[in-house]
Amino acid sequence: MTTIDDHIAEDAVVLENVRLRRGGRMALDGVSLRLAEPRVAVVGRNGSGKSTLARLVKGLLRPDSGTVRVFGRDPARRDRRSIADVGFLFQNSDHQILCPTVAEEIAFGPVELGTARAEAAAAARSILDAHGIADWAERPVVALSEGQRRLVCLLAVLVSEPRLLVLDEPYAGLDIPTRLRLQRFIARLPQRVLLISHEPESLDGFDRALWLEDGRLAADGAPSEVLPAFTRAMHALVPGDDDLPTDQEGAAWVA
Ligand SMILES: Nc1ncnc2c1ncn2[C@@H]1O[C@H](COP(=O)(O)OP(=O)(O)OP(=O)(O)O)[C@@H](O)[C@H]1O
């Protein structure tokens, strides 16, 4: 017999008491979450466990203990449905790009998921066309700027129509207009989004914000409450110039 809880889990990302040690440190240390909101943001200092959380949801890592379920399935089993359900945008586009041209890169995912090559190529052209960049199809990916590469990676993820997009710092290194354009593009997507960002101002319209600190949840709630508290706490870590003895400056770099 299915319960109400099962129905929620079928439609949610659920972590139960997840622990994972990486590089000798607890990257995630007892995290429990049930995420069903359309837009969830993750913030936190460098090394706080954000990418680890994203990789667990995509099934690229397994927890040492605890469970991860995405729409009712264990993503680490990497079955076709799990792979198709979650689109993942890597922090560094060089880790994502595998093909020489833009059209090939976008068609790669659907082919991997079993779509015929001709159909995948048509889907790639169609999504490029829909975004007004049909003329990019034959361009070598290496000849694109970082912002353009980021857009190609996002289209390569979207072409397979995943239910959930996990975006690891999609705005890092982008200039302001490119970031704003990408932000608007992401805001209009019909998919669920789990987005890691170091820029609270890029998280307008999000439904929930998670703040990770040393692999644990420091706060979880409405972005209007969590993000200002996070920003205040981050600023408080760096004393004003007048208060900072120069010999202590190095200490500020250590989490
Ligand atoms: N490939 C790896 N091998 C070993 N340890 C790792 C690896 N990647 C991350 N870690 C460790 O896991 C912990 C969490 O790292 P994670 O990458 O999840 O942090 P993050 O919050 O995404 O950081 P950033 O904001 O710098 O991207 C850190 O202590 C880090 O040193």
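At what angle do the axes of helix α4 and α6 cross, and within what distance do they come? In this predicted model, the axes of α4 (residues 102–112) and α6 come within 7 Å, and their crossing angle is roughly 35°. The crossing is right-handed. On the side of α4, the contact is made by Val102, Glu105, Ile106, Phe108 and Gly109, while α6 contributes Val152, Leu155 and Ala156. Sorted by class, the residues of this contact are six nonpolar, one polar and one charged.

Ile106 belongs to this contact. Setting aside residues up to four places away in sequence, Ile106 touches Val152, Leu155 and Ala156, and also Ala124, Ile127, Leu128 and Val159.

## The nonpolar core

In soluble globular proteins, nonpolar side chains tend to be buried together. In this model, the largest nonpolar core has 58 residues. Those with the most contacts inside this core are Val57, Ile106, Leu155, Val166 and Leu194. Helix α6, which spans residues 146–158, gives the most to the core, with eight residues.

Two of the residues named for the core, Ile106 and Leu155, also take part in the contact of α4 with α6.

## The sheet

The model contains an open sheet of six strands, arranged in the order β5-β6-β7-β3-β8-β9, and the pairing is mixed. Its edge strands are β5 (86–89) and β9, each of which pairs on one side only. From one strand to the next, the twist averages 15°. Helix α6 packs on this sheet, where it touches β5 and β6 (164–168). The direction of α6 makes about 170° with that of β5.

Both senses of pairing can be followed at strand β8. Strand β3 (residues 39–44) runs parallel to β8 (residues 208–213), and five bridges join the two. Within this pair, Ala41 has Ala209 as its bridge partner, and Gly44 stands opposite Leu212. Strand β8 also pairs with β9 (residues 216–221), here in the antiparallel sense and over five bridges. In that pair, the bridge partner of Leu210 is Asp220. The hairpin of β8 and β9 has two residues between the strands, and Asp214 takes a positive phi near 50° there.

Is Arg150 buried or exposed? Arg150 lies in helix α6 and counts as buried, because 25 C-beta neighbours are found inside 10 Å, and the cut-off for a buried residue is 20 or more. Apart from its neighbours within four places in sequence, Arg150 is in contact with Ser93, Pro170, Leu174 and Leu182. Arg150 and Glu161 are eleven residues apart along the chain, and their C-alpha atoms are separated by 17 Å.

Where is the place of Arg78? Arg78 is found in the loop between β4 (65–70) and α3 (80–85). Arg78 is exposed, because 11 other C-beta atoms lie within 10 Å, and a residue with 12 or fewer counts as exposed. Leaving aside neighbours within four places in sequence, the contacts of Arg78 are Gly59 and Ile83. Leu182, one of the contacts of Arg150, is 104 residues from Arg78 in sequence and 29 Å from Arg78 in space, taken from C-alpha to C-alpha.

Key
Residues are numbered from 1 along each chain as its sequence is written. This is a predicted model: local features need pLDDT of at least 70, side-chain atom pairs count only at pLDDT 80 or more; totals for chains, interfaces and linings use all residues. A nonpolar core is a set of buried Ala, Val, Leu, Ile, Met, Phe, Trp, Tyr and Cys residues joined through C-beta atoms within 7 Å. Helices (H or I, at least four residues) and strands (E, at least two) are DSSP runs, numbered from the N terminus. Two residues are in contact if their C-beta atoms, placed from the backbone, lie within 7 Å. Axes are lines fitted to C-alpha atoms, for helices over the stretch in contact, and angles run from 0 to 180 degrees between N-to-C directions. A crossing is left-handed if the near helix is turned anticlockwise from the far one by less than a right angle, and right-handed if clockwise. Ala, Val, Leu, Ile, Met, Phe, Trp, Tyr, Cys and Pro count as nonpolar, Asp, Glu, Lys and Arg as charged, and the others, Gly among them, as polar. Two strands pair if DSSP finds at least two bridges between them.
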